[in-house]
Amino acid sequence: MLATAESCTGGEIMATLSKQGNCGDCLFIGYVVYHHLAKLKELGVNHTTIKTYSLTSEAVAREMVKGIFQHEEINVAIATTGIVGPRSMDGIAPGTVCFAWAFKHKNNLTIFSETQIFGDSPIKIPKVAAYYALSKVQSYHQQVKSTPPT
């Protein structure tokens with residue numbers, strides 16, 4: 001079962017997946033948490049993490065993806081946070097997107113994160129970032145399955 005916590009992609013990941021046949025068999029929930037308070041209240045992101053690293057950070061994306069696992073049914077999750085608009089914020093370039101992917105396998109939670117810059121087109125960034133997030137699921141999942149539990 002897959003879930004998402006999307007900020008800058010605005011639900012684009014879940015929308016893309018929901019267009020696939022039989023998607024109800026594997027989609028559990030999608031959060032759109034644009035405002036920082038939504039990240040705090042809905043996903044348990046720590047206020048100190050936001051103050052320390054900014055909203056556009058892998059640290060926040062990692063806490064977002066962890067927060068999805070409040071639902072025990074989920075075993076795969078994706079989170080995004082970033083800057084879609086045309087201007088820099090907090091010294092971070094427009095088009096910067098931070099991702100986190102989490103996999104629950106044999107009662108272990110493994111989280112991957114990375115940052116990409118997709119240019120400065122506010123119209124294209126959510127879709128490009130959503131496709132990028134989805135393109136990484138299989139390779140990260142294979143890594144989790146091939147790593148022995150610690």
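How many helices and strands are there in the chain? The chain has five helices and five strands, where helices (H or I, at least four residues) and strands (E, at least two) are DSSP runs numbered from the N terminus. Their order along the sequence is β-α-β-α-α-α-β-β-β-α. With a radius of gyration of 15 Å, close to the 15 Å given by the globule rule for 150 residues, the chain is as compact as a globular protein of that length; the radius is taken over C-alpha atoms, and the rule is 2.2 Å times the number of residues to the power 0.38.

This is a predicted model, in which local features need pLDDT of at least 70 and side-chain atom pairs count only at pLDDT 80 or more, while totals for chains, interfaces and linings use all residues. Residues are numbered from 1 along each chain as its sequence is written, and side-chain values use heavy atoms, with hydrogens and water left out.

Of the 150 residues in the chain, 43% are buried (buried: under 20% relative accessible area; exposed: over 50%; partly exposed: in between; 1.4 Å probe, protein chains only). Among contacts (heavy atoms within 4.5 Å) between residues at least 6 apart in sequence, 56% join residues at least 24 apart.

The structure holds zero disulfides, a disulfide being a pair of cysteine sulfur atoms within 2.5 Å. The sulfur of Cys 26 lies 6.7 Å from its closest cysteine sulfur, in Cys 23, which is too far for a bond. The accessibility of these two cysteines is as follows.

| Residue | Relative accessibility | Class |
|---|---|---|
| Cys 23 | 19% | buried |
| Cys 26 | 39% | partly exposed |
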